[in-house]
Amino acid sequence: MNCKFDANNAFQKSWDGGNKRLVKLGNAKKITWKVESFRTGDSPSPRQSVRKNLEFEPLSTTALILEHRPANLPAKPAEEAEKHQQQYEEMVAQAKKRELREAQKRKKQLEDRVKQEENIGNAALTWSQEILPNWTTMCSSKRVKELWWQGVPPSVRGRVWSLAIGNDLNITHELYDICLARAKERWNASSAPSTTTDTDTGDAGSSHADREASLELIKLDISRTFPSLCIFQKGGPYHDVLHSILGAYTCYRPDVGYVQGMSFIAAVLILNMHTADAFIAFANLLNKPCQMAFYRVDHSLMLTYFAAFEVFFEENLPKLFAHFKSNNLTPDIYLIDWIFTLYSKSLPLDVACRVWDVFCRDGEEFLFRTALGILRLYEDVLTHMDFIHNAQFLTRLPEHINAHTLFSSIAAVSMSCRNRKWTQVLHTLQKDPERASPVLKR
């Protein structure tokens, strides 16, 4: 049996297989293995005894520089042996340095994680024991707003969001149960054989078709909601909960129905609240002016929001704004998806929840401030891209976005233009629609 391969140094190794010996012979360019018979009484060479005591076998030829040459080859010159010894010592020293750096890095990560968990625990106590029991008097204080910016602890996030979103619609748990019961009736009716006669025409037929399309779209969208989590897909623990909330909403607001993207908003709420509370927050959240404008596709109002965004875009990032203008890259290309899902689809989930924290505090303005923060974060990259690559980048943001880095970028965004705040600019544009961006009107 022969097997040939190249190596830097030739050496001989024996293997005792009862009465067989595997012998490796050759020169520096060519090594040959072969099996030889030997007598049981043959004793291994001193060299073989030494190799048996090694804790490991070299994995590459670079680890063989300390090996003595086989007896049938001339010994290494002293200069070469010294060189190999130095190389070996350098390799060991570099390996030790790498291990030390990695150990220090792991230690630092562990210390940071422990510190972060400690801070979250302390913040959770502050929120649950001091702020939440005195919500009406403390929610607008400077101290609470600063804590809000740093991120609401996950253990109290649902309660904070519920209080911040409010319940202007006065939805109760009983109303949710009623809407859910109606939704289940529709699901059962849609799965049953159709009883519609040929004489059924007009609005009834159209309503039935719309209902069927809405139910099918919900089923399709649920399977595409946070697929990496595997908890909203068929068979997952939250599949039916998400289906129930979306179905109940279509019964509560048939004039709005189900719109693609709603599943992500409902899913984030489900992860932080009980089902009925999630439905109440969901309905009230979508009832906000900005969300209602987008979900009902109020074209005129959407243009107004885009125009207001462009005012602050030009104010904060004039170079990138000019680049986008020259490439005809309008805000609707990337903003619609961000607003529709409140960034829950575009950003990592933990980062999106941080955005939701401050959105609940500051309202719709923060959605557009976040957009400017993202553009500012990637300004250097975006200014060197053409229309196609810019659109692709903004509609599929990098998967690994650090929350601290993003919020530092958002903090640098000014939501004041010529002493006018967001609400003032938006109100002015609403009164004078003709001032909306001419590019967006095409």
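Which loop does R418 lie in? In this predicted model, R418 is placed between β4 (416-417) and β5 (420-421).

**View 1. R418 in the loop between β4 and β5.** The phi angle of R418 is positive, near 55°, and the residue is not a glycine. R418 has a relative accessible area of 71% and is therefore exposed, since the cut-off for that class is over 50%.

**View 2. N170 in the loop between α5 and α6.** N170, although not a glycine, has a positive phi of about 55°. With a relative accessible area of 62%, N170 is exposed.

View 3. S263 has a relative accessible area of 0% and is buried. The side chain of S263 makes a polar contact of 2.9 Å with the side chain of T225. Apart from neighbours within four places in sequence, the residues in contact with S263 are D221, T225, L242, L246 and Y258.

**View 4. Crossing of helices α12 and α16.** Helix α12 spans residues 299-316 and helix α16 spans residues 364-377. Their axes come within 11 Å and cross at roughly 45°, so the two helices are oblique to each other. The crossing of α12 past α16 is right-handed.

**View 5. Residues that meet between α12 and α16.** From α12, the residues are Y305, F309, F312, F313 and N316. From α16, they are E364, F368, A371, L372 and L375. By class, this contact has eight nonpolar residues, one polar residue and one charged residue.

Note on methods. Residues numbered from 1 in each chain as written. Predicted model: local features only at pLDDT ≥ 70, side-chain atom pairs only at ≥ 80, totals over all residues. Heavy atoms only, no water. Buried < 20%, exposed > 50% of the residue type's maximum accessible area, 1.4 Å probe, protein only. Polar contact = N/O pair within 3.5 Å; in protein donor to acceptor, adjacent residues only side chain to side chain. Contact = heavy atoms within 4.5 Å. Axes fitted to C-alpha atoms, helices over the stretch in contact; angles between N-to-C directions. Helix = DSSP H or I, 4+ residues; strand = E, 2+ residues; numbered from the N terminus. Parallel < 35°, antiparallel > 145°, perpendicular 65-115°, else oblique. Left-handed = near helix turned anticlockwise from the far one by under 90°. Nonpolar A, V, L, I, M, F, W, Y, C, P; charged D, E, K, R; others polar.
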